[in-house]
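Let me put the model up and walk you through a few residues.

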Amino acid sequence: MRVLVTGGTGFVGQHLVRLLHDRTSTIFSTYLVKPSSPIIGAELLACDLRNRNQALQVVRYADPQHIYHLSALSSVVKSFEEARQVWNTNVW
């Protein structure tokens, strides 16, 4: 099975990748900022999901059967200070 985890380098995403690693044959994970250490069990793909072309390229390359969307801006403070950016990133 092929799985794409957006935000797989984040706190929750890393846990999901580890969980899926033993159960899934191929895992792809997107990142916006390259992590300082590798994420075991996943092929890392640079992608700003706000960029439609990049997102489509990643999906075409990964050809996933399942997608777990965990990419998000999660700061509550920033959600008030930068509401448009949070909506663009997390929803649109």
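Let's start with Thr-30, which touches Leu-4, Val-5, Thr-6, Gly-7, Gly-8, Thr-9, Leu-45, Cys-47, Val-58 and Ser-71, leaving out residues up to four places away in sequence; a contact here means heavy atoms within 4.5 Å. Quick housekeeping: this is a predicted model, so local features need pLDDT of at least 70 and side-chain atom pairs count only at pLDDT 80 or more, while totals for chains, interfaces and linings use all residues. Residues are numbered from 1 along each chain as its sequence is written, and side-chain values use heavy atoms, with hydrogens and water left out.

Back to Thr-30, then. It is found in strand E2; helices (H or I, at least four residues) and strands (E, at least two) are DSSP runs, numbered from the N terminus. Is Thr-30 buried or exposed? Thr-30 is buried, because its relative accessible area is 1%, and the cut-offs are under 20% for buried, over 50% for exposed and partly exposed in between, with a 1.4 Å probe and protein chains only.

Now look at the backbone nitrogen of Gly-7. The side chain of Thr-30 reaches that nitrogen at 3.1 Å, and a polar atom of the Ser-71 side chain lies 2.9 Å from it. Ser-71 sits in the loop between strand E4 (66–69) and helix H3 (76–81). With 19% relative accessibility, Ser-71 counts as buried. Its contacts, again skipping residues up to four places away, are Thr-6, Gly-7, Thr-30 and Leu-49.

For contrast, take Leu-32, in the loop between strand E2 (26–31) and strand E3 (43–46). Leu-32 has a relative accessible area of 56%, so it is exposed. Beyond four places in sequence, it touches Cys-47, Asp-48 and Arg-50. Leu-32 and Thr-6 are 26 residues apart in sequence, and their C-alphas are 9.6 Å apart in space.

Last stop, the nonpolar cores. By that I mean sets of buried Ala, Val, Leu, Ile, Met, Phe, Trp, Tyr and Cys residues joined through side-chain atoms within 4.5 Å. The largest has 8 residues: Val-3, Val-5, Leu-16, Val-17, Leu-20, Ile-27, Ile-39 and Ala-42. In soluble globular proteins, nonpolar side chains tend to be buried together. Okay, that's me done.

Methods: Polar contact = N/O pair within 3.5 Å; in protein donor to acceptor, adjacent residues only side chain to side chain.
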